[in-house]
Amino acid sequence: MRETEFWERMRTHLGPAYSQVWASQHNLAALGGRTVDEAMDAGIDCKTIWRAVWEALELPASER
């Protein structure tokens, strides 16, 4: 997954403004307690980050 696709999915599910706030403030256990922004800075693959977001937001399986 490319970073542009990741952010597109985030905006779809959380809205353009809130997706940025959520990514910078919500710690995800699946990412070792990192936020999305911290995980991206650490070089974690976007697909791995998306799966953690998908799980945290309890999105339907079709969005995985």
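Good morning, colleagues. Please bear in mind throughout that this is a predicted model.

I begin with helix α2, which spans residues 16-25. Its buried residues are S19, W22 and A23. When one looks down the axis of α2, these buried residues fall within an arc of 100 degrees, so they line one face of the helix. On the other side of α2, A17 and Q25 are exposed. What, then, covers the buried residues of α2? The cover includes α1 (3-14), α3 (36-41) and α4 (46-57).

I turn now to the aromatic rings. A pair of such rings is described by the distance of the centres and the angle of the planes. With ring centres required to lie within 6.5 Å, the count comes to two aromatic pairs. One of them joins F6 and W7 in an edge-to-face arrangement, at 5.1 Å centre to centre and with 85 degrees between the planes. F6 is buried, its relative accessible area being 0%, and W7 also counts as buried, at 11% relative accessibility.

F6 also pairs with W50: the ring centres are 6.0 Å apart and the planes stand at 85 degrees, so this pair too is edge-to-face. The pair links distant parts of the chain, since F6 lies in helix α1 and W50 in helix α4, 44 residues apart. W50, like F6, is buried. Together, F6, W7 and W50 form one aromatic cluster.

Finally, I draw your attention to W54. The charged end of R64 sits over the ring of W54, at 5.3 Å from the ring centre.

Thank you for your attention.

Note on methods: Residues are numbered from 1 along each chain as its sequence is written. This is a predicted model: local features need pLDDT of at least 70, side-chain atom pairs count only at pLDDT 80 or more; totals for chains, interfaces and linings use all residues. Side-chain values use heavy atoms; hydrogens and water are left out. Buried means under 20% relative accessible area, exposed over 50%, partly exposed in between (1.4 Å probe, protein chains only). Helices (H or I, at least four residues) and strands (E, at least two) are DSSP runs, numbered from the N terminus. The arc is that of the directions from the helix axis to the C-beta atoms. Contact means heavy atoms within 4.5 Å. Rings of Phe, Tyr and Trp (its six-membered ring) pair if their centres lie within 6.5 Å; planes under 30 degrees apart count as stacked, over 60 as edge-to-face and the rest as tilted. A charge sits over a ring if NZ of Lys or CZ of Arg is within 6 Å of the ring centre and within 35 degrees of the ring normal.
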